[in-house]
Amino acid sequence: MKSDENKNRNIVILSLLVLMAVGFLIRIAVMQFSGIYVDIAEGNAFYHRIIYAPRGAIKDRNGKLLVYNQKSYDLLVTMKVLDELASKGTPIDTDGLCAMLGETRSQIERRFANVKNYGHNPGYSPLTPQRFMTQLSPEEYARVSENIRKFRGFAIQSRTLRNYNYPSAAHILGSIGEVNQQQLEEDNFYHLGDYIGVTGIEYSYEKDLRGVNGEEILLRDARGRIQGRYRNGVEDKQAIPGKNLISTLDIDLQMFAEKLLDGKRGSVVAIEPSTGEVLALVSNPSWNPEFLVGRKRGVYYPILINEKTRPLLNRAIQGRYSPGSTFKLLQALVCQQEGGITADTRFPCNGPSSSPIKCTHHHGSPVTLLNAIEQSCNPYFWLAYKATIEKGCYVNHRFSHEIFHNNYNRWRDAMMSFGLGFAFSDSDIPGLKDGAIGSERTYNKIYGPKGWRALTIRSNSIGQGEVEVTPIQLANAVACIANSGWFITPHINRNDSMLTRRHQSNVDSRYFAIVQEGMWRVCHFGTGRHYQVPGIEMCGKTGTVQNSHGDDHSIFVGYAPYDDPKIAIAVVVENAGFGATWANPIASLCIERYLTGACSRQELYDNIASTVKDPNVKQFDDYINSLQ
């Protein structure tokens, strides 16, 4: 009986052993078929070296090369090799390494510590080459190339950095920088130490410009040392260069406008009305785009971010301003559309004695719409605004707030149909900021649903109050006027057709002719008459905008030629005073430069370019220029 029990126990144990063996064999088979062993074996035998794709070049609309690549080199180190040398009594010559790299012993020691620090270098492996120093300068590369044979375990890796043919357009061209941890997690294309577009065109078109990296497969021995190429490179993958991009910019116009803004805080935005292509996008103060390339970025970025004139703010797309009298052009259109006025409507004006809004000009009364645009008559546009948003509000001698709110919302919607209010949602220009046109909800919150009327928000009528725009929105609105009611979203890539992104304003085309004529009269008989473009019929509107933080802002919007618009422009010069004195001549000179390719008014150009309106900007401009 006992013998039977032992026999049964042996059978059970043997069965368990057999099952375990079978399970183990099945597991091995699954792992082999799934490629896990293959991957482990390859991981030990192969080293996959990235071949970086050349980044695509960027050109201007006329084919002029703006951004291209230049050779750059990283110094790599394999810590396993250094450890083996040290174990054999031949440690690295630290003093020699310091001399080769032009750094102190403490700097070199810090580099070694960073290489082995998983927090700083998450992909660290002692078996594979790690970045020790990136973006060697030509002088550093020459020294390293000559001496690197003395330092086993070190190697040089080639890659490219951006270079620029012109010290201009830094804001819109943008820059590249090292990927951060979040970007590494979001896109497996990137590896630690790779570069990515962080601003401007470089950011918007990162996936087109970056290309596709290649790969070189190298063999390693049991100690992790590189022994050569796997199968003589048959399995290697060639890098695919990034796509070149033709931008909409005219670099000559861009540099011309930048020069006119020297010593001033402001912006210039120029657009081709028929296509929405951005011809120039200028923000000052600015900097040479090469300052944010490679290791220079770490030196100059803190200078830019800490500068009190805020050069990193792209005023052309992020600055928010009251449009002032330039808003009267849209007011004239919307008030006609909503039935508040007609082309023949006349309103009285008592000049500076007018109330509740004074006029800054003395002219005849009553005033027609055409004269009101030409003379920039504040009372006319206040009365037109009031007539529009309070139209039909008196029912049985009682004011209907419901009708009033509906009228206001129709007026606001029409204004926003010109591209005001919210940032363009279908533009390829990154960093666009919203403007503002006070909403019914905002006013209800401030005054209560029945606590506000036209008089309460009268400042809106002349482009003040709760109305704010960015310069690119202003330029686009003028392009819409030039097109008699439609615009194509402002964009920066000429390769990418945007013709399908056409937007129609809420104003019927028949209302635009009188506004266009009024703009023509501004430039020939009104506040813009002193800066007519020789031989070109120019249309425009000046604006002098009150500023609670200092002197008035100078603003001008316009387009030309009158009968066949090729350029629409908006100019803002902060704290400069009258629109007719500063923004107007800058716009006039830019229009002439773009349409004729020359500047016939050299004395005017020299005077504007050399005049300092903001000493702080001048000091920064001089300092940044001294670094070039």
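## Pockets, cavities and an enclosed helix

Helix α21 is largely enclosed by the rest of the structure, because eleven of its 14 residues are buried (under 20% relative accessible area with a 1.4 Å probe and protein chains only; exposed is over 50%, partly exposed in between). This is a predicted model, where local features need pLDDT of at least 70 and side-chain atom pairs count only at pLDDT 80 or more, while totals for chains, interfaces and linings use all residues. Residues are numbered from 1 along each chain as its sequence is written, and side-chain values use heavy atoms, with hydrogens and water left out.

**Helix α21**

- α21 covers residues 583-596 and reaches 20 Å from its first C-alpha to its last, close to the 20 Å expected at 1.5 Å a residue (1.5 Å times one less than the number of residues).
- Helices here are DSSP runs of H or I with at least four residues, strands are E runs of at least two, and both are numbered from the N terminus.
- The buried residues of α21 include A583, N584, P585, E592 and Y594.
- After the helix comes G597, with a positive phi near 75 degrees.

**Pockets**

- On a 1 Å grid over the protein atoms alone, a pocket is an open set of points with protein on both sides within 12 Å along at least five of seven lines, a cavity is a set where a 1.4 Å probe fits but cannot get out, and lining residues have an atom within 4 Å of a point.
- Points are joined across faces, edges and corners, and a volume is the space filled by probe spheres set on them.
- The largest pocket has a volume of about 1200 Å³.
- It is lined by 38 residues, of which N121, Q130, R131, L192 and G193 are the closest to its centre.
- Two or more lining residues come from each of β1 (46-51), α5 (105-116), β4 (130-133) and β8 (214-220).
- By class, this lining has twelve nonpolar, 17 polar and nine charged residues (nonpolar: Ala, Val, Leu, Ile, Met, Phe, Trp, Tyr, Cys and Pro; charged: Asp, Glu, Lys and Arg; polar: the others, Gly among them).
- The second largest pocket has a volume of about 590 Å³.
- Among its 23 lining residues, S325, T360, N378, T544 and Q546 are the closest to the centre.
- Strand β21 (residues 539-545) gives the most to the lining of the second largest pocket, with four residues.
- That lining divides into four nonpolar, 14 polar and five charged residues.

**Cavities**

- The model has three cavities of 30 Å³ or more.
- The largest cavity, of about 220 Å³, has 16 lining residues, with Y52, A53, R55, R159 and Y195 the closest to its centre.
- Strand β5 (residues 154-164) gives the most to the lining of the largest cavity, three residues.
- Nine nonpolar, three polar and four charged residues make up the lining of the largest cavity.
- The second largest cavity holds about 60 Å³ of space, and its lining includes P323, F327, L420, V469 and V557.
- α14 (328-337) and α19 (471-482) each give two or more residues to the lining of the second largest cavity, and the largest share, four residues, comes from α19.
- In this second lining, eleven residues are nonpolar, one is polar and none is charged.

**Cysteines**

- The count of disulfides (pairs of cysteine sulfur atoms within 2.5 Å) is zero.
- C523 is in no disulfide, and the nearest cysteine sulfur, that of C539, is 6.4 Å away.
- C523 counts as buried, at 1% relative accessibility.
- C599 is also in no disulfide, with the nearest cysteine sulfur, that of C590, 9.6 Å away.
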